[in-house]
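Open the model in your viewer and keep the selection panel at hand.

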Amino acid sequence: MTAFDAAMKWLLSPDAEGTKYAEPPHIDQPTKYGITLPILREWAGPETTKDDLKDLPPEAAGELYKEFFSEPIERDDLPPGLALVTFDATVNSGQGHAVRWLQAAIGVPQDGVVGPRTILAAKSAEQGPTICDILLMRENYLKALPKWQKYGKGWTNRLTALKLAAFDA
């Protein structure tokens, strides 16, 4: 199984984005597999409707995630646990944050690019402490967001489950 396949398996689990369609007031905008209608329209075209989002098959979600979010891990160069936490952070907080958290945790310059220096340092790093460092940086970032009051419990649960999954990866 590739790092991307493992990350998608995690992402579509109930502990992460899940597979159900959801609408406000439970969330800010309609979503399925963690994909919002604006992201789906960017990928599939401006004529895409809310019904298209509701009917989105998991295979299409995987294609969208591969195209838009997998760059940091697509080459399978990162150790599995670090690939998982980096991919999940890319989906949830953006690639810039995700890669910089990885780089900060492994002690390389934070340029936001997963290049040879980052890959070498990631492979040499102790996985458990590095995973914990990345998740702590992500938690601190999330706690500073105005929506922490509304979503903090769910985000905390996600990070806890992600930590366990990353340790098992």
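**Stop 1: helix 9**

Select leucine 164: with a relative accessible area of 55%, this residue is exposed (over 50%; under 20% is buried and in between is partly exposed, using a 1.4 Å probe and protein chains only). Leucine 164 sits in helix 9, where helices are DSSP runs of H or I with at least four residues, strands are runs of E with at least two, and both are numbered from the N terminus. The model is predicted, so local features need pLDDT of at least 70 and side-chain atom pairs count only at pLDDT 80 or more, while totals for chains, interfaces and linings use all residues. Residues are numbered from 1 along each chain as its sequence is written, and side-chain values use heavy atoms, with hydrogens and water left out.

Threonine 160 is partly exposed, at 48% relative accessible area. Between the C-alpha atoms of threonine 160 and lysine 66 the separation is 24 Å, for 94 residues along the chain.

**Stop 2: tyrosine 33**

Select the loop between strand 2 (31–32) and strand 3 (35–36), which holds tyrosine 33. Its phi is near 60°, a positive value in a residue other than glycine. Tyrosine 33 is buried, because its relative accessible area is 4%.

**Stop 3: serine 93**

Serine 93 belongs to helix 5. Its relative accessibility is 12%, so serine 93 counts as buried. Show its surroundings: leaving out residues up to four places away in sequence, serine 93 touches Trp101, Arg138, Tyr141 and Leu142 (contact means heavy atoms within 4.5 Å). Glycine 152 is 59 residues from serine 93 along the chain, and their C-alpha atoms are 14 Å apart.

**Stop 4: helix 2 against helix 4**

Display both helices. Their axes come within 11 Å and cross at roughly 80°; axes are lines fitted to C-alpha atoms, for helices over the stretch in contact, with angles from 0 to 180 degrees between N-to-C directions. Helix 2 is therefore roughly perpendicular to helix 4 (65 to 115 degrees; under 35 is roughly parallel, over 145 roughly antiparallel and the rest oblique). From helix 2, Ile39, Leu40, Glu42 and Trp43 meet Ala60, Glu63, Leu64, Glu67 and Phe68 of helix 4. This contact has six nonpolar, no polar and three charged residues.

**Stop 5: helix 6 against helix 7**

Select residues 95–106 (helix 6) and 116–124 (helix 7), which pack at about 55° with axes 10 Å apart. That angle makes helix 6 oblique to helix 7. Leu102, Gln103 and Ile106 of helix 6 meet Thr118, Ala121 and Ala122 of helix 7. Here the contact residues are four nonpolar, two polar and no charged.

**Stop 6: the core**

Which residues have the most contacts inside the largest nonpolar core? Select Ile35, Tyr65 and Phe87; the core has 51 residues (a nonpolar core is a set of buried Ala, Val, Leu, Ile, Met, Phe, Trp, Tyr and Cys residues joined through side-chain atoms within 4.5 Å). Among the helices that each supply at least two residues of this core are helix 1 (3–11), helix 5 (80–93) and helix 8 (127–143). End on phenylalanine 87: beyond its neighbours within four places in sequence, its contacts are Phe4, Ala7, Met8, Leu11, Tyr65, Phe69, Ser70 and Ile73.

Methods: Nonpolar A, V, L, I, M, F, W, Y, C, P; charged D, E, K, R; others polar.
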